[in-house]
Amino acid sequence: MKTELLSPTEMAEADRRAIVGGPFDGMGLMRNAGTAVAREVMRHYPAAEQVHVLCGPGNNGGDGYVVAGLLAESGMAVSLWASEEPRPGSDAAVAAAECPLQPAPLAALDADAGAVIVDALYGAGLSRPVEGDSARAIELVTARGLPVVAIDLPSGVSGASGKITGPAFRAALTVTFARRKPGHLLLPGRDHCGEVVLADIGIPDAVIAELNVRTFANAPKLWLPHFPVPGVDTHKYRRGHVGIFSGGPASTGAARLSALGAARSGAGAVTVLSPANALAVNAMHLTSIMLRKADEVSELGAYLADRRPSALVLGPGFGVGDKAREFTLAVLASRSGAGGMVLDADGITSFRDEPAALFEAADAEGAPALVLTPHDGEFARLFPDLASEEDLSKLERSREAAARAHGVVIAKGADTVIAAPDGRAAINSNGAPWLATAGSGDVLAGLVAGLLAQGMPAFEAACAAVWMHAEVGSRFGPGLIAEDLPQAIPPVLAELVAAARR
Ligand SMILES: NC(=O)C1=CN([C@@H]2O[C@H](COP(=O)(O)OP(=O)(O)OC[C@H]3O[C@@H](n4cnc5c(N)ncnc54)[C@H](O)[C@@H]3O)[C@@H](O)[C@H]2O)[C@@H](O)CC1
Ligand SMILES: [K+]
């Protein structure tokens with residue numbers, strides 16, 4: 001599936017430009033849209049006893065009239081219900097006039113078991129919570145458990161944000177057009193869409209390209225051209241060296257999980273940087289991963305100068321406080337050639353009282369690329385105003401945070417958003433609930449650093465790490481613990497390397 005995601009405004013602009021440039025006018029696009037939906041209804045529900053098509057007042061309803069006509073023509077039993085008449089002169093009004101069926105008022109909707117619902121109430125134009133007859137129709141259909149095929153979006157779901165502010169259909173299938181919208185991937189919207197089918201309705205790719213879209217579904221296509229593939233003549237330091245900061249003796253496991261994530265990503269060498277009092281416990285559990293003492297900023301400076309790590313991770317199990325801030329700022333200021341710095345967990349929390357110091361350090365000329373990996377609580381510590389702004393979607397919030405931080409933000413969750421300071425953002429959707437387990441985020445931080453160390457640009461490295469982490473966790477399934485993740489990376493990595501070589 002194409003990776004660009006269009007906001008409703010971008011989609012409307014694509015429609016407008018496509019209509020100007022041809023070959024289809026607005027009615028032509030609507031006929032194509034309706035044809036695509038009718039085909040999916042026939043394919044998925046060939047034995048439906050009755051299809052109820054529910055039309056709203058806008059062009060989403062217009063698509064519905066086309067669907068109703070086509071299904072009736074194909075011999076299916078179709079009932080048509082409308083909440084309001086389409087606005088005179090609109091494409092929807094033309095579609096309603098061309099439709100061989102007469103709509104009944106939506107208020108009278110009744111539907112029995114065995115029926116299928118086509119939801120053409122609201123699509124991209126939803127602008128407020130669904131109320132009145134439409135809300136009652138959604139409640140009736142939901143209470144009866146009837147399968148719903150949504151046109152473009154399930155009514156009640158915002159295409160821009162995935163938010164749901166009132167009643168909303170829970171579709172079995174959603175057929176959308178040209179490109180998916182953020183609301184198909186962001187929660188809770190994604191949960192209401194069911195299977196999403198993307199239909200080509202004749203909007204040329206060139207029209208989409210002109211829009212300079214900045215929002216994407218996270219998928220290998222997005223970053224595979226940058227994915228590291230070692231050459232035959234490589235050696236371990238050319239494959240990148242990652243430094244991971246360990247916490248004290250009672251909290252070293254998190255850094256080792258990160259170190260394994262970095263090593264399994266293909267980085268050539270990984271060093272755990274440990275306080276003196278935790279060297280013994282770290283040494284007991286490390287084999288291929290190196291270990292070095294770093295209690296003071298001066299020791300860190302010596303490591304950066306002699307070993308020239310290409311990426312670092314600070315945060316997992318590190319402890320919150322001055323030391324985390326000093327070490328982070330020292331790495332960001334070092335100019336030792338490190339390409340990236342991943343700040344996770346305690347590393348993020350340590351800057352809650354002075355986020356500006358972090359953001360300025362990341363903005364300085366020659367600083368390593370900063371990648372922040374906050375879950376919701378950590379996000380709110382660094383960006384309290386953005387976190388409490390109810391009107392912002394997770395996408396908008398993450399984008400603003402990245403611009404402010406001068407770094408890539410991985411806003412974690414079941415719908416992880418990866419945002420870059422240049423305005424690009426990707427939404428991840430291949431995860432599974434099994435990934436919500438202690439230490440899972442530590443492995444992710446290590447994976448990001450491992451890919452950064454191999455020369456991947458920060459946004460691409462972050463997107464690739466999130467996707468791989470989610471893919472590995474979903475394939476592993478129930479019973480996953482964080483220790484399983486690094487070991488389960490190689491098959492996924494092998495597929496990506498093979499695809500990147502092609
Ligand atoms: N030429 C085009 O623009 C095309 C549009 N298409 C379809 O058109 C849809 C977008 O059409 P529209 O922009 O007309 O938008 P919609 O049909 O989604 O709804 C817009 C109408 O509903 C009203 N409305 C919004 N939220 C409401 C609420 N909660 N309660 C009551 N009324 C509400 C609006 O004021 C407006 O009149 C797409 O989702 C897609 O299905 C497709 O036919 C492809 C071509
Ligand atoms: K709809």
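Student: Where does Arg308 lie, and what is its phi?
Tutor: In this predicted model, Arg308 lies in the loop between α11 (297-307) and β12 (311-314). Its phi is near 45°, a positive value in a residue other than glycine. Most residues other than glycine have a negative phi.

Student: Why is Arg308 called partly exposed?
Tutor: Count the C-beta atoms around it. Arg308 has 14 others within 10 Å. Buried needs 20 or more, exposed needs 12 or fewer, and partly exposed is in between. With 14, Arg308 is therefore partly exposed.

Student: And why does Asn212 count as exposed?
Tutor: Asn212 has 9 C-beta neighbours inside 10 Å. The limit for exposed is 12 or fewer, so Asn212 counts as exposed. Asn212 is in the loop between α7 (205-210) and β8 (215-217). Asn212 also has a positive phi, near 55°, and is not a glycine.

Student: How do you know that the peptide bond joining Gly22 and Pro23 is cis?
Tutor: Look at omega, which is about 5° for this bond. Pro23 lies in the loop between α1 (8-21) and α2. A cis peptide bond also joins Leu187 and Pro188, with omega about 0°. Pro188 has its place in the loop between β6 (173-177) and α6 (189-193). Most peptide bonds are trans.

Student: What joins β1 to β2?
Tutor: Five bridges join β1 to β2 (residues 78-82), and the two strands run parallel. The bridge partner of Val53 in β2 is Leu80.

Student: Why is β1 called largely enclosed?
Tutor: Five of the six residues of β1 are buried, so the rest of the structure largely encloses this strand.

Student: Which residues does UniProt list for "binding site", and what makes them gather at one spot?
Tutor: The unreviewed UniProt entry lists Asn60, Asp119 and Ser155. They span 96 residues in sequence, yet no two of their C-alpha atoms are more than 9.6 Å apart, so they gather at one spot.

Student: Why is Asn60 called buried?
Tutor: Asn60 has 25 other C-beta atoms within 10 Å, and buried needs 20 or more, so Asn60 is buried. Asn60 is found in helix α3. Setting aside residues up to four places away in sequence, Asn60 touches several residues, including Ala120, Gly123, Gly125 and Asp152.

Student: How do you know that Asp119 is buried?
Tutor: The same test applies. Asp119 has 30 other C-beta atoms within 10 Å; the cut-off is 20 or more, so Asp119 is buried. Asp119 is found in strand β4. Among the residues Asp119 touches, not counting those up to four places away in sequence, are Leu54, Ile151 and Ser155.

Student: Which residues come nearest to ligand 1, and which element gives the largest share of the shell?
Tutor: Of the 27 residues around ligand 1, Gly58, Asn59, Asn60, Gly123 and Gly125 come nearest. Two or more residues of the shell come from each of α2 (26-44) and α3 (59-73). The largest share, five residues, comes from α3. By type, the shell has twelve nonpolar, ten polar and five charged residues.

Student: Finally, how is the chain divided, and how do you know that the domains are in contact?
Tutor: The chain is divided into domain 1 (8-213) and domain 2 (220-501). Their C-alpha centres lie 41 Å apart, and nine residues of domain 1 are in contact with seven residues of domain 2. The side of domain 1 that touches domain 2 has five nonpolar, two polar and two charged residues. An unreviewed UniProt entry places "domain: YjeF N-terminal" at residues 11-209. Over those residues the chain is 38% helix and 17% strand, with the end C-alpha atoms 12 Å apart.

Key: Residues are numbered from 1 along each chain as its sequence is written. Chains are lettered from A and ligands numbered from 1 in the order in which they are written. This is a predicted model: local features need pLDDT of at least 70, side-chain atom pairs count only at pLDDT 80 or more; totals for chains, interfaces and linings use all residues. A residue is near a molecule or strand if its C-beta atom, placed from the backbone, lies within 6 Å of it. Helices (H or I, at least four residues) and strands (E, at least two) are DSSP runs, numbered from the N terminus. Ala, Val, Leu, Ile, Met, Phe, Trp, Tyr, Cys and Pro count as nonpolar, Asp, Glu, Lys and Arg as charged, and the others, Gly among them, as polar. Domain bounds come from an automatic or database domain assignment. Two residues are in contact if their C-beta atoms, placed from the backbone, lie within 7 Å. UniProt positions are given in the numbering used here, feature names are shortened, and annotations may be inferred rather than shown by experiment. Two strands pair if DSSP finds at least two bridges between them.
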